[in-house]
Amino acid sequence: MLETARRYRSDGISPVRVVQDLIAKIKTEPYNAYISYDEEGALRTAREAEKALEQNGEELLIGLPIAVKDNICTKGIPTTCASHILANFVPRYNAHVVERLRALGAVIIGKTNLDEFAMGSTTISSFKGPTKNPWDMTKTPGGSSGGSAAAVAAGLCAGALGSDTGGSVRMPASFCGITGLKPTYGSVSRFGLVAFASSLDQIGPMARTAHDAAILYDAIKGHDPKDSTSVARGYRHTPLDGIDLKGVRIGVPQVFFGAGLAHDVERAVRYGQKVFEELGARIVAVDLPHIPYGVAVYYIICTAEASSNLARYDGVRYGMRASGAKDLLDLYLETRAAGFNTEVKRRIMLGTYVLSAGYYDQYYRKASQVRTLIVKDFARVFEDCDIILGPTTPCTAFGLTDMIDDPLSIYLLDIYTIPANLAGIPALSIPCGFGDTGLPIGMQLMAPAFRDDLLLSAGIAFQDVTNFHRVKP
Amino acid sequence: MKITASEVEHVARLARLNLDAQEIARFQRELNSILDYMDLLNEVDTVGVEPTVHTQSISNALRQDELQPSQDLRDALANAPRQKDGSIVVPKVLE
């Protein structure tokens with residue numbers, strides 16, 4: 001992003017030219033990173049950006065082509081959630097984050113691929129087919145924001161937005177060798193983000209560097225009265241020169257390095273830990289005893305919330321409607337049967353079950369109580385450290401056809417990313433090495449709520465002395 | 001077996017999903033395996049622990065009770081699959 005912004009100002013390159021080149025690339029891109037692109041709108045805003053630059057516009061985002069995950073509403077541009085049920089849905093308004101980016105002069109270049117309704121960790125279940133990892137076309141880019149991650153990694157946009165409910169920004173960031181932030185819950189408005197699990201969903205930036213991610217985060221964060229869970233408070237701007245890590249206490253929980261972690265991932269994350277030590281950080285041992293329950297808690301809470309949120313897709317007010325229904329109930333049953341894919345149905349079924357009479361206490365209430373214990377674990381640990389460090393994912397990117405028929409194994413891939421969503425705290429994934437087969441590896445940093453600035457500036461300091469983020473596929 | 005085929009059918013009805021026999025068999029198998037995994041939570045003592053439904057301490061977000069413009073009718077109906085005279089058309093509900 002920074003590089004393109006500089007070229008606009010010092011080399012006199014026009015954003016119109018950059019956007020034209022990019023659209024041409026997107027039209028033939030082999031990764032299936034994009035669901036749609038907005039040639040007309042992008043060129044129009046690029047021409048506006050050109051004028052703004054001629055008048056010495058200072059906003060860094062002016063003319064920068066940004067990709068947006070296709071579950072974030074864009075006025076006049078289809079927003080499909082990669083689902084047949086919303087294939088023809090064209091929002092009449094912009095999501096708050098899109099309004100913010102547009103107001104700062106960014107160009108919305110297109111909409112990126114995802115697992116249907118952001119439910120998945122592979123970007124395979126999209127109605128447009130899977131996205132492929134730019135590092136190895138036979139591998140998944142991770143998910144659910146796999147299209148945004150692949151687009152950033154392949155240079156098909158300057159930066160992107162994803163959404164993260166249980167790791168959907170960080171996991172693909174890790175698999176594609178880029179930087180991704182899951183912000184503090186409530187710090188970025190969810191207005192215009194198609195709801196999956198409302199107590200967990202956050203929109204987050206994805207970019208090549210922590211510096212770029214910080215610029216995007218600073219652009220989209222802040223209070224929005226249209227989202228009743230948006231927090232009104234003062235938000236710190238990220239120190240874009242990084243921070244001095246001397247004396248910063250980094251907690252390393254043993255639970256993140258147990259069985260199931262691939263040895264090449266462990267090696268890379270330990271290397272990242274060493275870099276932080278060399279920068280002056282102090283490593284402290286911390287204990288998060290309830291982390292092993294995170295996946296079970298998450299898949300009860302997120303499916304319960306999803307079953308409720310997705311009740312709105314009934315074929316009546318918008319979206320697909322099944323033809324030939326004999327009555328209203330039949331219309332609901334047939335529309336939903338035809339409109340959703342297997343994973344979405346599976347989650348609606350599980351969520352409906354855990355909320356149903358007789359099972360609510362056993363599953364939903366129990367999970368919400370264990371969630372409290374996870375929240376308390378983090379509160380206690382953050383008395384002893386400023387940042388928590390660990391892996392983002394247990395392994396590097398795997399084959400596009402691996403694990404398709406084993407939902408539980410896929411769910412378990414989220415073991416390191418889920419806790420931050422359950423606790424509402426910010427978490428950042430940054431590249432920290434490459435695995436045995438040359439695929440990128442991400443390291444995850446977590447901080448107390450509303451210290452996204454600390455994570456991003458620590459990431460900037462790390463990337464000042466490492467080169468993993470500079471390697472391109 | 002935690003969940004029987006007829007329970008799967010019942011839940012599908014609650015969720016307003018028409019499932020075919022193959023899907024019912026598949027979901028019964030998969031939901032049982034996922035629910036078995038959820039038993040892990042029984043290890044945790046949660047007596048007296050308050051449930052968390054939201055991580056930030058926000059109470060109701062209210063605004064002044066003043067008239068504000070809202071979406072106009074044409075926009076609100078723009079994505080409706082069938083409409084007539086400013087209303088959404090659905091199959092007959094009352095005989």
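For packing I count a contact when heavy atoms lie within 4.5 Å. The model is predicted.

Entry 1, a helix in chain A. I looked up α8 of chain A, residues 263–278. This helix has 16 residues and reaches 23 Å from its first C-alpha to its last, close to the 22 Å expected at 1.5 Å a residue. I then listed the buried residues of α8(A): A:D264, A:V265, A:A268, A:V269, A:G272, A:Q273, A:V275 and A:F276. After α8(A) comes A:G280, and I noted its positive phi, near 110°.

I found 70 residues of chain A and 52 residues of chain B in the contact. The two chains bury about 5300 Å² between them, with 66% of it on carbon and sulfur atoms. On the side of chain A, the most area is lost by A:R92, A:L333 and A:M349, together 13% of what that side buries.

The rule gives three salt bridges across the interface of chain A and chain B. I checked the one between the side chains of A:R346 and B:E30, at 2.7 Å, N to O.

Helix α12(A) supplies the largest share of the side touching chain B, twelve residues. By class I noted 41 nonpolar, 16 polar and 13 charged residues on that side.

Key
Residues numbered from 1 in each chain as written. Chains lettered and ligands numbered in written order. Predicted model: local features only at pLDDT ≥ 70, side-chain atom pairs only at ≥ 80, totals over all residues. Heavy atoms only, no water. Buried area = accessible area lost by both parts, 1.4 Å probe. Salt bridge = Lys/Arg side-chain N within 4 Å of Asp/Glu carboxyl O. Helix = DSSP H or I, 4+ residues; strand = E, 2+ residues; numbered from the N terminus. Nonpolar A, V, L, I, M, F, W, Y, C, P; charged D, E, K, R; others polar. Expected span 1.5 Å × (residues − 1). Buried < 20%, exposed > 50% of the residue type's maximum accessible area, 1.4 Å probe, protein only.
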